[in-house]
Amino acid sequence: MFQDLRSVFTSSFFLNIIFVSTLFLLIFISGISYRYTTALTDSSRLVVQSRKTATELGHLSSLLEEAQSRHAAFILTGDTSLIRPYLHAGVKTGPVLQSLKLLAGDNSQQIQHLDTLSRLIGHCLDLMARTLEWNTGLAADQARFKESLMLGVKEMERIRVKIKDMLDFDSMHLKVHQDIYGREISLSPLYILFVMLFSMLVFIFAYFRINKDLKLEKANNEKLLLANESMNHAEEIGEFSSWQWHLQTNAFDFSDNQYRLLGYRPFEFEPNLDKFLEFVHPEDRHKLKAARREMFSGPQNPLSVDFRIYRKDGSLRYFRSIAKLFTDGDRRPVVIGIHWDITHQHLNRLALEERNLELEQSNKELATFNHIASHDLQEPLRIIQTYVSRIIDSEQARISETSQGYFSRILAALSRMRALINDLLLYSRTTKTEKVFQLSDLNQIFENARQELAQVLEDKQAELSSDPLPEAKVIPFQIQQMFVNLIGNSLKFSRLGVKPRIHLSCSEVPSDPYREHHTGPVKKFYKLTLTDNGMGFEQQYARKIFDLFHRLHGRDEFTGSGIGLSICKKIAENHGGEITAEGRPGEGAAFTILLPH
Amino acid sequence: MQNLPISVLLADDDEDDRILFQEALNEIKFKTEVRTVGDGRSLMEYLNRPEVKLPQVIFLDLNMPLKSGMECLHELKSSARFGNIAVAIYSTSASEEDIEETFVRGANVYIRKPDDFNELKRILEKVITINWQYHTSGLNRENFLLSF
Amino acid sequence: MNLYLKFEVNSLFQKVLENELKGLPVSYTVPGPGELTFHELVPDEVLEAIRARLDQYGIEILENPKAVLIQKIKDAIIELVYREDSLARCKVSVYLSERLRFGYGYLSKLFSESTFTSIENYLILQKTERAKHLIASQALTFTEIAWKLNYSSVAHFSTQFKNTTGLTPTAFQRIINKKRAVAAPGQNGVQLSEHPVDNAF
């Protein structure tokens, strides 16, 4: 999502660059085109001007030649009609010079030329007039006439040269300017072509780029649609809904499922706070308000509150609302939250709680029963025992031997019953007592067990030894109980005439070989093995001996309730470990305890 | 001095136990003066009477109506007047943990009620003897702990 | 002028006792002439004060030779138990008869008659008491204590300790530690003086 956003951003940035550069290119092209056109116009105007100048100059020269020729013809013929054009010529050169002046514009050289020319023309015409005077009329003077005639011809020649100069100058001027323009505009088409090609490239690139972005956007849109769709489905399946509350506008957005959870069709009503509160169970509204206050009291306080609502059809549902205050992209505060229909969970929890309560109750009853078993049940038994012992003692002389035998049997049965009750109590206590684990030195616990059994060990002349034991997190009393029971068991089943040797060995083992028993996270176990050289047992009973009340021997051979090893098993299980037994008849037995590291 | 009877007080709600206790004390070689009460409340009421001569040993059953032996133990041990009286818990079997607990709370003796009359006599005699030894030989009372 | 007085020695004796014992923290009865029975144990200094007060009347406290002998036996046993060199590697019977110059049989009978316990039991009691002190002081291991008190092994020591007190040495230590923790939370146990105050009787 983030990646997409970035690509979109870079794409719009790229488009901006393309737009700006294209704009510049277009301005550049326009500038060049304008200059090109202007240059062309200027050039053609210059050509026209030049042509006109040439024409006018030709006109001027033809006018002068005509005047000269008529002058000459008058002199030869004396026909006055021939000199009429004088008058005309005098008139006609004016406008021509005027238009030439216009054509010259601000070209100072040409104007200079023109001034010289008009002076020469004036001079020439003047000469011609004087020549005529000296030829005819009152002041005819042959010599002067000849001289001025000669002068006139010379003057005429100078005019012609001047005109030719002017023509040359004009064409020179034209040529220079044409060259300049030519240089100026000869590169323009190349520029334009190049720029055009470049623009085309840019456009093609932009096209592909935009096209790609569009495709991406389309794909994203589809993804978004899909996400929306799956969100909608998820909300339906998970029985939850999402909503937003825009605080500035106080507007609410509900997801489709919000309406459904309330028993409506999507957008069936206008979502707002008051409308929603109408659904909430009246007793729970204050709860919701308090939670809302709590949320607004600190920026890190999410709202989480359970309440009841009534659906459109009046059915009661349990909702959980979880929400948090955010700020949106424009830094406007918005509360985003979900509603979760927890009716099932809530009802399940209620049922569980009820069951828990029942369990607690029955546990309490069990504890009471244990108490009765330990105290009230034993009490009368003990009283009977004491009175019987008192009778045997004080009335010994008066009781028959048979009756004394009966009495001792009564006492034996009574003490068996008490032992049984005691052991049962011990067993149930092992099951139910609070499990307080302490890091304890197993050596110390083993020593305690030895001390507890000191008398029996001495009576049996037994040898009890152990490897150095580790420290472990255990319930010390229970482990001691287990040691006492196991050692006691070994002592009880020692072989007649064989000095009992009992040894507790210890090693660390990984959990792998015992995986079938343990799937917990425990990696290592302490393996404690108590080996004896007693009577042992058939391996087929290895599991059975841990069963409650299971005995391998008759009551007459060995006393015991058959609970001791069951207690050991319970204790091992309490520690997340286990106990196994291995027996070889007539050789001995080994009990292996695994305790989590 | 040995000829003065040793005064002993028993609080037990079981009448049979009270009878057996009294009979057992009558049969031992110590001269004793026994008084029995049926529950914890009467025990404390009796002891708090100003004219009463305080006993040397109090035997306390733990399970008693109205006020349990544990409560009595606490009251006795937190009082300056009774603090020095030896307290023997006289109760049905309990776990080692429970027994340790009563010692920690100040009991001096823990007697699991025996199921043999001679055994009861033996125990009571021993308790009285040892208490007497502590009394007469100036032994450190803090260390007076006995368990049967 | 002469006056002739008639007096009753017993009443006089009784009056003297009454006057002299007034103000002393003792309660007593006079069972017969020349006998005084205290209801409780009388501390030494009070006994000494009584002795001094009665002395001015020429009344002398006669000590019971048997009681004195029993006290001597007890003292000897306590001395034996608290002696620092390896405790009485000799037999207690030999030790006592040598020390008190009486036959052991006589001593034993006398002791049992007046103390309700045998010399052997008294020795065990005193040894156990010393063991308790040593355990409570936590300075020594059980092995060291067993050696110090002349037991053949820790097992033997543990067995006798359990037989005498009903508790294993470890349980005893645990209880004492807990008791101290309850009595003075946050403090470690008070160091106890190892020697008992011998309250002569």
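This is a predicted model: local features need pLDDT of at least 70, side-chain atom pairs count only at pLDDT 80 or more; totals for chains, interfaces and linings use all residues.
B:Ser91 stands opposite B:Arg112, a residue of strand 5 of chain B.

- Strand 4 (residues 86-91) and strand 5 (residues 109-112) of chain B pair in the parallel sense, over four bridges.
- In general, the strands of a sheet pair through backbone hydrogen bonds, in either a parallel or an antiparallel manner.
- The sheet in chain B is open and has six strands in the order 2-1-3-4-5-6, with parallel pairing.
- Its edges are formed by strand 2 (32-37) and strand 6 (146-147) of chain B, each of which pairs on one side only.

**The contact between chains A and B**
- Chain A contributes 16 residues to this contact, and chain B contributes 15 residues.
- On the side of chain B that touches chain A, helix 1 (15-27), helix 4 (96-104) and helix 5 (117-136) of chain B each supply at least two residues.
- Helix 5 of chain B gives the most to that side, with three residues.
- By class, the side of chain B that touches chain A comprises seven charged, five polar and three nonpolar residues.

**Helix 4 of chain B and helix 9 of chain C**
- The axes of helix 4 of chain B and helix 9 (residues 169-183) of chain C come within 9 Å and cross at roughly 45°.
- The two helices are therefore oblique to each other.
- Their crossing is right-handed.
- Helix 4 of chain B takes part through B:Glu100, B:Phe103 and B:Val104, while the residues from helix 9 of chain C include C:Ala171, C:Arg174 and C:Ile175.
- The residues of this contact divide into five nonpolar and four charged, with no polar residues.

Key. Residues are numbered from 1 along each chain as its sequence is written. Chains are lettered from A and ligands numbered from 1 in the order in which they are written. Two residues are in contact if their C-beta atoms, placed from the backbone, lie within 7 Å. Ala, Val, Leu, Ile, Met, Phe, Trp, Tyr, Cys and Pro count as nonpolar, Asp, Glu, Lys and Arg as charged, and the others, Gly among them, as polar. Two strands pair if DSSP finds at least two bridges between them. Axes are lines fitted to C-alpha atoms, for helices over the stretch in contact, and angles run from 0 to 180 degrees between N-to-C directions. Angles under 35 degrees count as roughly parallel, over 145 as roughly antiparallel, 65 to 115 as roughly perpendicular and the rest as oblique. A crossing is left-handed if the near helix is turned anticlockwise from the far one by less than a right angle, and right-handed if clockwise.
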